[in-house]
Amino acid sequence: MNYKMIGRLLAQTLLVEALFMIPALVVSLCGGETAAALGFALSIAIAALAGGGLWLACRKGPRALNAREGFVCVAISWIVLSLVGCLPFYLSGEIPRLIDAFFETVSGFTTTGASILSDVESLSNGAKYWRSFTHWLGGMGVLVFLLALDPGSGKGSGFTMHLLRAESPGPDVGKLVPKMRKTAAILYRIYIGLTLLDIAFLLLGKMPLLDAVCTAFGTAGTGGFGIRNDSIAGYSSYVQWVTTVFMLLFGVNFSCYYLLLPRQIRSVFRDEELRLYLGIVGCSIVLIVLNLRGYYATLGETVRQAAFQVASIITTTGFATTDFDLWPSFSKTILLALMVVGACAGSTGGGIKVARVLLLFKSLKRNIRQIMHPRAVQVVRSSQRVVDEKVLDNTHAYLAAYGFILVLSVIVISLDGFSTGTNISAVLACFNNIGPGLEAVGPSCNYSGFGVLSKLVLILDMLAGRLEIFPILVLLSPGTWKQR
């Protein structure tokens, strides 16, 4: 195990986190929020000292990582990132219990949006900013950010690909350009550009600057932390439509946006995952609108509410404009199904991913054809390309692990005595990085009622869901730490 290389990347992660806390400190100072400013100042000092010390100790280590070490590095980095990131909430006293502060921060970085807070508006502006910014940083991934900045990331034994595969969502991670550093830089340029565009449209709707920035962070990272107790419900119809559109845009594979730059429009529309994603969104909206007839005053409002909730759930953002837990069971069932499906691979969204759903259906179809024609050579194609058998094997392994973790998590948190609907939807919402579930964890409720054990399980679910399960399993595997 290359501990020095892992320590070096962990040091860089802490230093970047310290840097990104500075704007939150400035916001607190400008607002005269003494307790919050002190909390951020102490947290920045802790992150900078720990990162600096670790860098000095590990800077001369061999610059190479294998796949196992890449997975371990990513998993440890995200846990440490969340532990340090929760310090401003805890040290300022705004979230007095450490487990709750840790839960809230993991929920932020994993872009889940599950909260233990019953009164978000009581937070200081600095805390609101940092809470929302964790979504933005976690959406694309902090290690992807480091790869985009580090001029030496192209050197070494292919460790950039191992890190990108461990942190990026989807069944298969490839390069947009030959060098991984340039791929990471392109992804972040697209990410920043769409975020700034979202902020501009929100400001055009006369949204306050802090609200626009925080809402755009939550939308870009598909996280869903609102800075109002009613999430997005209190804003205008214009703001809700803008947020709906941008949630859907951030749920698209970012490689599609890269293809638009050289005007390869046909290649984008030939993408089977994108077509299935848009088809699922369109059909879900139509079915829910039909089911909600008479529930809202006008057809326009019904369409807006249905479109917003569908976009929020399938992209795993978690914003809300209405309490959909009060909707008819048919509509709620559709939303539960969307929780599992999730957004496109290569986006900032969570869930199983539309690409995996597509591959599973194609694999099932291939197996049926093999039964009917046992001597024929059958392959799986996606977007006119043959899918590697290793990708299919990984997809099946992912689904098996997904089901096992889901069942085990529901069993453990059921010890707290909540209803079965609450337990299942809570695990689905955390594992798929959505946030709000149904019943006791619905849009108008929160996760504060769960005990410490349940919160730890849900924290692991959020991390496993954001990191595509395997980095967390590798980290927890005893065989990972055996010398070879």
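Modeller: This is a predicted model. Of the 484 residues of the chain, 57% count as buried.

Colleague: What makes a residue count as buried?

Modeller: A residue is called buried because its relative accessible area is under 20%; 57% of the chain falls in that class.

Colleague: Which residues touch the most other members of the largest nonpolar core?

Modeller: Trp-130, Phe-254 and Tyr-447 do, in a core of 128 residues. Helix α1 (residues 3-30) gives the most to this core, contributing 10 residues. A second, separate core has 5 residues, among them Val-380, Val-387, Val-391 and Leu-392.

Colleague: Why is α18 called roughly antiparallel to α20?

Modeller: Helix α18 (residues 389-413) and helix α20 (residues 452-466) pack at an angle of about 165°, and their axes lie 9 Å apart. Angles over 145 degrees count as roughly antiparallel, so α18 is roughly antiparallel to α20. The crossing in which α18 passes α20 is left-handed.

Colleague: Which residues of α18 and α20 meet?

Modeller: From α18, Ile-405, Ser-409, Val-412 and Ile-413 meet Leu-453, Ser-454, Val-457, Leu-458 and Asp-461 of α20. The residues of this contact comprise 6 nonpolar, 2 polar and 1 charged.

Colleague: How many helices and strands does the chain have?

Modeller: There are 21 helices and 2 strands. Among contacts in the chain between residues at least 6 apart in sequence, 72% join residues at least 24 apart.

Notes:
Residues numbered from 1 in each chain as written. Predicted model: local features only at pLDDT ≥ 70, side-chain atom pairs only at ≥ 80, totals over all residues. Heavy atoms only, no water. Axes fitted to C-alpha atoms, helices over the stretch in contact; angles between N-to-C directions. Helix = DSSP H or I, 4+ residues; strand = E, 2+ residues; numbered from the N terminus. Parallel < 35°, antiparallel > 145°, perpendicular 65-115°, else oblique. Left-handed = near helix turned anticlockwise from the far one by under 90°. Contact = heavy atoms within 4.5 Å. Nonpolar A, V, L, I, M, F, W, Y, C, P; charged D, E, K, R; others polar. Core = buried A, V, L, I, M, F, W, Y, C linked by side-chain atoms within 4.5 Å. Buried < 20%, exposed > 50% of the residue type's maximum accessible area, 1.4 Å probe, protein only.
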